[in-house]
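Please examine the structure shown below before reading on.

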Amino acid sequence: MNKILMMILVSLLTACSTHHANTSSTLNKETAMTENKPTPQFTQRQLLTKLLAMMEIAHSQDDFTPERVSQVFGVKLRTQGLEEGEFLLTENLTPDWHYYFDRTNTGMYKGKWSFNLELRFYNERKPDAAELDMSEICDMNIEEFTRKAEALGYTSYPLFHREVRIPGVLLERDNLKLHVYEARHPSDTASPRCIERIFF
């Protein structure tokens with residue numbers, strides 16, 4: 001009888017030990033995944049605040065050089081493999097939401113190189129969605145961004161596309177013009193008026 005009880009006790013101890021080892025292994029893997037997950041350099045608000053800081057000192061697109069933007073944003077931009085004057089800043093804000101801010105060469109115009117600037121937020125799981133609920137990352141909406149830009153001397157106008165009024169705002173100062181596009185929010189919920197795209 002004692003021998004049988006001893007065998008049962010040994011079996012229970014072995015089972016507990018195996019369960020503990022498996023649990024520890026799972027926890028270690030989850031901890032490692034959490035530790036290896038990169039921390040975003042910016043929140044949406046911080047990114048737009050940096051853009052506003054750049055807008056404050058800029059008079060035209062020519063001022064958005066990789067060196068100046070890198071200095072104001074306080075981060076290193078990707079320039080390797082790109083043409084002179086181009087840059088790219090991109091990362092995930094959340095597991096689903098991503099942004100990129102880039103400057104691309106569009107060719108010669110009036111004897112000098114011309115560039116396009118674009119900041120865009122998009123959902124990696126729904127890249128082609130016509131409507132987007134951006135509430136998760138909408139720390140600064142289009143109304144607050146517009147007020148801050150106006151405080152810097154920018155004038156705001158309604159935004160049009162092919163003579164049709166669209167959600168968003170046009171901001172102008174000196175030789176700088178920004179088209180700020182408002183995200184098309186799902187119609188069944190209240191819209192926080194999030195910024196989906198800013199195009200220079």
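**Inside the predicted model**

Phe-101 is buried, with a relative accessible area of 1%. The threshold for calling a residue buried is a relative accessible area under 20%. Phe-87 also counts as buried, at 1% relative accessibility.

These two residues form an aromatic pair. A pair of aromatic rings is described by the distance of the centres and the angle of the planes. Phe-87 belongs to strand β1 (residues 87-92) and Phe-101 to strand β2 (residues 97-109), so the pair ties together parts that lie 14 residues apart in sequence. The structure has six aromatic pairs in total. Both rings also belong to one aromatic cluster, formed by Phe-42, Phe-73, Phe-87 and Phe-101.

The next topic is the nonpolar core. In soluble globular proteins, nonpolar side chains tend to be buried together. In this model, the largest nonpolar core contains 42 residues. The members that touch the most others are Leu-51, Phe-64, Phe-73, Phe-101, Phe-145 and Ile-198. Helix α2 (residues 44-57) supplies the largest share of this core, namely six residues.

Which residues are in contact with Phe-145, leaving aside its neighbours within four places in sequence? They are Leu-48, Leu-51, Leu-52, Met-55, Met-140, Leu-171, Val-180, Ile-195 and Ile-198. Two of these, Leu-51 and Ile-198, are named with Phe-145 among the core members that touch the most others.

The structure holds one disulfide, which joins Cys-138 to Cys-194 with an S to S distance of 2.5 Å. The pair links distant parts of the chain, 56 residues apart. Cys-138 is in the loop between β3 (112-123) and α4 (142-151), whereas Cys-194 is in the loop between β6 (176-182) and β7 (195-199). Why is the disulfide of Cys-138 and Cys-194 described as left-handed? The torsion about its S-S bond is about -120°, so the disulfide is left-handed. Because buried means under 20% relative accessible area, Cys-138 qualifies with 15%, and Cys-194 qualifies with 3%.

Methods: Residues numbered from 1 in each chain as written. Predicted model: local features only at pLDDT ≥ 70, side-chain atom pairs only at ≥ 80, totals over all residues. Heavy atoms only, no water. Disulfide = S-S within 2.5 Å. Helix = DSSP H or I, 4+ residues; strand = E, 2+ residues; numbered from the N terminus. Buried < 20%, exposed > 50% of the residue type's maximum accessible area, 1.4 Å probe, protein only. Core = buried A, V, L, I, M, F, W, Y, C linked by side-chain atoms within 4.5 Å. Contact = heavy atoms within 4.5 Å. Phe/Tyr/Trp six-rings, centres within 6.5 Å; stacked < 30°, edge-to-face > 60°.
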